[in-house]
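Student: Could you take me for a close look at one ligand and the residues around it? After that, I would like to see how the rest of the picture connects.

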Amino acid sequence: MMNSVLMLVRLLILCLVLAAKATGDDQLVYSGFTGANLTLDGAATVTPDGLLELTNGTDQQKGHAFYPTPLRFAGGSPGGGTVRSFSASFVFAIQSIYTDLSAHGMAFVVASSKNFSSALPGQLLGLTDIQNNGNGSNHFFAVELDTIQNKEFDDLNANHAGANVNGLRSLQSYYAGYFDDEDGSFHNLSLISREAMQVWVDYDHRTAQITVTMAPLKVGRPVRPLFTTTYNLTTAVTDVAYVGFSSATGTINVRHYVLGWSFAMNGPAPAIDIAKLPKLPRMGPKPRSKVLDIVLPIASGAFVLALGAIVLLVLRRRFRYAELREDWEVEFGPQRFSYKDLYRATEGFSDTHLLGIGGFGRVYRGTLLVSKVEVAVKKVAHDSKQGIKEFISEVVSIGRLQHSNLAPLLGYCRRRGELFLVYEYMPNGSVDKYLHRREGKPILNWAQRWHIIKGIASCLVYLHEEWEKVVIHRDIKASNVVLDGDMNGRLGDFGLARLYDHDADPQTTHVVGTIGYLAPELGHTSKATPLTDVFAFGVFILEVTCGQRPVNPNLEDSQVLLVESVLEQWNKGSLLDAVDKQLGGNYNADEACLALKLGLLCSHPFANARPTMRQVMQYLDRDMPLPEMTPTDLSFQMMTIMQNEGFDQFVMTYPSSTASVDSTSVLTVGR
Ligand SMILES: Nc1ncnc2c1ncn2[C@@H]1O[C@H](COP(=O)(O)OP(=O)(O)OP(=O)(O)O)[C@@H](O)[C@H]1O
Ligand SMILES: *[C@@H]1O[C@H](CO)[C@@H](O)[C@H](O)[C@H]1NC(C)=O
Ligand SMILES: *[C@@H]1O[C@H](CO)[C@@H](O)[C@H](O)[C@H]1NC(C)=O
Ligand SMILES: *[C@@H]1O[C@H](CO)[C@@H](O)[C@H](O)[C@H]1NC(C)=O
Ligand SMILES: *[C@@H]1O[C@H](CO)[C@@H](O)[C@H](O)[C@H]1NC(C)=O
Ligand SMILES: *[C@@H]1O[C@H](CO)[C@@H](O)[C@H](O)[C@H]1NC(C)=O
Ligand SMILES: *[C@@H]1O[C@H](CO)[C@@H](O)[C@H](O)[C@H]1NC(C)=O
Ligand SMILES: [Mg+2]
């Protein structure tokens, strides 16, 4: 009797225990996994922050985490053999190093075993292997969050949730997202957005309905599930089974996280305390895109191409800026300009910078980039190397000349076939433009003209007598006298100038200069002397005073040469009629008379009859009176010389006043 009572009590207790289990007090809830007792394998760990990290960024890894003890899903009493209702909820996040690509995914799993050692990573999500995919003996139910589309499993896309039994081909799946409670509209969610999202999985044993719902953390559980499907899990899930997670990577560095998890048998899953969830690691601000990985080879190809192009460009630049530089030029360093600087200063010697075209080349205006100095660059073609060294030496010597009526020669540059002479830019241009009404320049008044004449005279005294060497300009003319900001005349264009030592006897072989300014003796001696400069200066005085070109291109006029017409006026006793009509009589008659007579004297056909520049200066300063002379003497001599030398014919052949002698001769040095 006592025994039977004891038996009864034991039975009762057993029944009560079983009933307790059956009524569904199997619950678990993790709001963060710090200290959680989970069975982990593969790459799975619980981070110090309390995140359940299923994969750790390593390629082709799987990771599993299971509640250590199995739960009773079926059997016992009173449920019989059918699998009970259950509910699970979890918060997850997928952090790929790329923003637009990840692999492969993760799943909530109910499985007969925690031993997934034979399962494979990649698209199999660590749930099974290829042979056993879908095999009824697998005994698992899973809700996958799949970030890769596998056609072999009929995947919907690369961002879906699915309910699976025993394999990777889903019973049902849907685009990751949720239906808005307000308007029922569907919102896509990106599984790989790196944001935490929550999933609810419910199984109702009465209807065998599986319900999967998901939403962003802040939204909460939507009323309408993402999808439902009917499957009697009794055939799949064993009586006792483990619950947990499986995840796998492919070839992408990605971490699959579970932040919180709850589960309940026969009832709703307990709420996860969202506020207590661990923080996700911050990803780098600008993760490299996988697309970049694909694009990178193309990009690097393009880069190589670009590099090639750059190299080509650099080479072209090199070629473009190529210069000719020789050892002997080293000492001229300071006067040597780089072609690149000149090229940039003149914007590639563009026509907009063209100041004028002379007999030897073009002159461009430019501004040196660094020093902001305004320059006039004369570009002269030259082919021969012959004599260039001497010529450059001269250019550099000339650069050392200093006189307030000189347009400074700053330096030179040289490249194949071209020579550049760099002068200081004179803002007011050359005198000829003011005399012959070109480029809209006004007429110079008498005081300006007189000032210019005296200025150039003093400059020539300096060149001929005051500097360490005798410098012969050789090309004195109105277009080579430029005006600075204060309308001071400055002698420029030393491109043709020659130097020779005071005692040396130069042997010039080529006539260089401009018709009309050439002293007659140059026709047979070809030897430039200070007195040939005086001749040209005389012509210059006449040109400035009369406002007429030295050679009148109008052949119908009887007087071809300005000298002749001035002489004729003088003969007629009306010398001052030769003065520029454009002055309208507003001039100092004494000065004008002196200028005309001095001009004639300087351009005397006999070199010996010409004054030196020092004397010219004295006449101009009226320190000395002009020697007595009659127009008839001059006239007679002039005609004789002209006819004897055949100079008339020369003039006739080249009627243009600006015609110059062959430009190649500019570099031929006579020493
Ligand atoms: N330093 C300068 N500053 C401003 N303008 C200048 C300067 N040097 C030359 N020029 C301008 O450039 C023009 C062309 O000069 P260029 O010396 O080539 O010709 P040219 O003097 O007429 O003949 P030539 O070649 O016989 O000297 C000149 O008319 C002058 O107006
Ligand atoms: C974890 O759970 C297993 C199975 O219930 C148990 O054997 C083990 O002692 C537990 N470990 C800890 C640290 O609680
Ligand atoms: C990731 O986990 C695997 C397997 O445990 C391990 O071999 C690897 O070193 C881990 N990698 C990192 C980056 O922690
Ligand atoms: C897991 O299963 C494999 C066979 O699939 C077996 O070799 C291994 O011993 C099992 N591991 C455990 C811990 O039971
Ligand atoms: C399913 O797996 C079992 C056990 O591993 C095996 O015996 C059976 O042949 C498999 N079935 C198929 C269709 O592969
Ligand atoms: C959601 O994603 C699917 C699949 O990428 C796409 O077809 C659908 O147009 C998207 N819907 C919205 C509202 O963006
Ligand atoms: C599920 O299958 C089991 C066993 O076959 C059965 O007892 C149960 O009624 C089924 N449930 C539903 C809802 O069909
Ligand atoms: Mg000139």
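Tutor: Let's start with Thr 58: one of its polar side-chain atoms lies 3.1 Å from a nitrogen atom of ligand 3. That is a polar contact, meaning a pair of N or O atoms within 3.5 Å; within protein, one must be able to donate a hydrogen and the other to accept it, and residues adjacent in sequence count only if both atoms are side-chain atoms. This is a predicted model, in which local features need pLDDT of at least 70 and side-chain atom pairs count only at pLDDT 80 or more, while totals for chains, interfaces and linings use all residues. Residues are numbered from 1 along each chain as its sequence is written, chains are lettered from A and ligands numbered from 1 in the order in which they are written, and side-chain values use heavy atoms, with hydrogens and water left out.

Asn 56 also reaches ligand 3 with its side chain, where an N or O atom is 2.3 Å from an oxygen atom of the ligand. Gly 42 uses its backbone instead: an N or O atom there lies 3.4 Å from an oxygen atom of ligand 3. On its own, ligand 3 exposes 360 Å², and the protein buries 40% of that (accessible areas come from the Shrake-Rupley method with a 1.4 Å probe; for residues, only the protein chains shown count as cover). The residues surrounding ligand 3 are Gly 42, Ala 43, Asn 56, Thr 58 and Gln 61, where being near means having a heavy atom within 4 Å.

Now for ligand 5, which has Asn 132, Asn 135 and Ser 137 around it. The side chain of Asn 135 has an N or O atom 2.2 Å from an oxygen atom of ligand 5. For Ser 137, a polar side-chain atom is 3.1 Å from an oxygen atom of ligand 5. Taken alone, ligand 5 exposes 360 Å², of which the protein buries 26%.

After H9 comes Gly 573, whose phi is positive, near 80°.

Terms used:
Helix = DSSP H or I, 4+ residues; strand = E, 2+ residues; numbered from the N terminus.
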